[in-house]
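Biologist: I would like to learn how to read a helix and a strand in a model such as this one. Could we go through them step by step?

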Amino acid sequence: MRTDGGVLVIVVTGATGNVGRALVERLAGAGLPVRGVSRSPERAALPAGVEVTRLDADGLFEGASKLFLHLQGAAGERIPRLLERAADSGVRHVVMLSSGIVGADKEDVAHPIHVWHAQAEQAVRDSRLAWTFLRPNAFAANAFNWAGQIRAGDSVRAPFAGALTAPIHEDDIAAVAERALLDGGHEGAAHRLTGPAATTNQEQVEAIGRALGRELTFVEVSADEAVETLYPDMPRDMVRAVLKSTEESGHSAPEVTTAVERITGRPARTFAAWARDHREDFRA
């Protein structure tokens, strides 16, 4: 089935999340028909012309040929059943936002984040759909965990000041997803995505300060103290696993790839650029 404009609908789960919203804005800005999935369509605030629906809607995949699968955005339904519904309705290709923990050089298959994403990847492979996996490592948006402290004062209390990551801008992930959805040749690929350079947690806080025109200080605390406040939407056992893996690997050089530039034609943006893009999110 096609829309009146002759372009097949792209369904985006997690449409109000950081990556999903950036992807919806890109697709809608290109004049493509997008159906965004949200738990609260009435509060989604997506661009004009974007259809917004719930995950359990009967017509979720009507007229669609492509699916962007965000695991948190699809949490209300079992992934195999969702993929079955998509295939039955004519969807042919799914681009899944996975995690760089899958397929890493030192793969921790017992890590809960690995288990969650690896199981979902297998469900996608077992479906009748062509697939593409996006495997980003650290998200620049993880810095939002510090936003409350930055709005309230000039210091951030957090663990692992010197931990190194190569954080990626959510819109760079969305740009890769856009190309994977619209261009041929990405079927069966697993793209490992990172920012362009390694940076420490302390350097990230300082970069946010520069974007705000303020001097911010990183105050290192223990992981035990941080576990109660970090990632409030994540189960505590998963937070502990994240902190443990960060402690184990945070002082070694992180993986840095050029996949964003190779796929989109422009380099991945630095963390400093991300901080400038989001300076208003850190203002009181």
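**Reading a helix and a strand**

Modeller: Let us begin with helix α6, in which Asn201, Gln204, Val205, Ala207, Ile208, Gly209, Ala211 and Leu212 are buried; please keep in mind that this is a predicted model.

Biologist: What covers the buried residues of α6?

Modeller: Here one looks for contacts, meaning heavy atoms within 4.5 Å, and for α6 the covering elements include α4 (147-152), β7 (155-158), β8 (164-165), β10 (199-200), β11 (217-220) and α10 (271-277).

Biologist: How many residues does α6 have, and what span does the helix reach?

Modeller: Helix α6 (residues 201-212) has 12 residues, and from its first C-alpha to its last it reaches 17 Å, which is close to the 16 Å expected at 1.5 Å a residue. Just after α6 comes Gly213, whose phi is positive, at about 75 degrees.

Biologist: Turning to strands, is β6 largely enclosed or largely open?

Modeller: In a regular strand the side chains alternate between the two faces of the sheet. In strand β6 (residues 130-136), 6 of the 7 residues are buried, so the rest of the structure largely encloses this strand.

Biologist: Which strands pair with β6?

Modeller: Strand β5 (residues 93-97) runs parallel to β6 and is joined to it by 5 bridges, with Trp131 of β6 as the bridge partner of Val94.

Conventions:
Residues are numbered from 1 along each chain as its sequence is written. This is a predicted model: local features need pLDDT of at least 70, side-chain atom pairs count only at pLDDT 80 or more; totals for chains, interfaces and linings use all residues. Side-chain values use heavy atoms; hydrogens and water are left out. Buried means under 20% relative accessible area, exposed over 50%, partly exposed in between (1.4 Å probe, protein chains only). Helices (H or I, at least four residues) and strands (E, at least two) are DSSP runs, numbered from the N terminus. Two strands pair if DSSP finds at least two bridges between them. The expected span of a helix is 1.5 Å times one less than its number of residues.
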